[in-house]
Amino acid sequence: MSVVAVLAGYLVAVVAANIASVHWPPLIVGGMLLPAGTLFVGAGLTLRDLVHDRCGALGVTAGILAGAGLSALFASPRIAVACVVAFTVSEVLDTLVYTRLRHRTRTTAVAASNAAGLVVDSVLFVPLAFGGVAALPGQITGKAVATILTLTALHTAQRRRRTART
């Protein structure tokens with residue numbers, strides 16, 4: 001995947017998550033309140049790791065700032081600020097975990113860094129964006145499900161590339 005495609009996918013995921021969080025009603029899934037943007041964020045976490053691979057920490061920082069700016073235009077300033085705070089803190093943690101584990105496999109590094117990042121991101125984002133923690137369990141669960149789906153897609157794509165080379 002090209003640098004432009006990864007960055008564009010990441011920005012689309014961030015902006016879509018923030019627009020959905022503002023303009024779509026939350027879902028109730030399994031008794032949990034799930035902000036509508038949650039599933040987009042799960043994909044965004046994996047795309048953030050791919051941006052890290054292609055562009056390094058500086059590229060991710062630029063992506064976070066661009067996503068926040070676009071979110072402020074299309075979502076709301078409160079959501080944009082919550083996004084910047086949560087993504088900045090969770091990115092530091094994500095980068096530490098991802099960098100430490102990247103020598104193993106990408107899937108392992110993405111899974112571990114997303115697990116750490118999605119909890120920190122949610123704990124910061126939900127109260128800042130929505131003024132309470134009622135959506136926290138749903139946010140964490142939804143991001144975990146989205147992460148599993150994107151990891152499955154990533155793993156499948158890697159296997160296909162390896163099979164095509166042989």
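Predicted model: local features only at pLDDT ≥ 70, side-chain atom pairs only at ≥ 80, totals over all residues.
Residues are numbered from 1 along each chain as its sequence is written, and side-chain values use heavy atoms, with hydrogens and water left out. Local features need pLDDT of at least 70 and side-chain atom pairs count only at pLDDT 80 or more, while totals for chains, interfaces and linings use all residues.

**View 1. Ala86 in its helix.** Ala86 sits in α3, residues 77-101 (helices are DSSP runs of H or I, at least four residues, numbered from the N terminus). Ala86 counts as buried because its relative accessibility is 0% (buried means under 20% relative accessible area, with a 1.4 Å probe and protein chains only).

**View 2. Who touches Ala86.** Leaving aside residues up to four places away in sequence, Ala86 touches Asp121, Leu124 and Phe125 (contact means heavy atoms within 4.5 Å). Ser122 is 36 residues from Ala86 in sequence, yet their C-alphas are 7.3 Å apart.

**View 3. Helix α3 and its cover.** The 25 residues of α3 reach 35 Å from first C-alpha to last, close to the expected 36 Å (1.5 Å times one less than the number of residues). Its buried residues include Cys83, Ala86, Phe87 and Tyr98. Among what covers them are α1 (3-23), α2 (38-74) and α4 (106-130).

**View 4. Phe125 and the core.** The largest nonpolar core has 27 residues, and Tyr10, Phe87 and Phe125 have the most contacts inside it (such a core is a set of buried Ala, Val, Leu, Ile, Met, Phe, Trp, Tyr and Cys residues joined through side-chain atoms within 4.5 Å). Two or more residues of this core come from each of α1, α2, α3, α4 and α5 (136-165). Among the residues that Phe125 touches are Asn18, Ile79, Ala86 and Gln139.

Definitions and conventions. Buried < 20%, exposed > 50% of the residue type's maximum accessible area, 1.4 Å probe, protein only.
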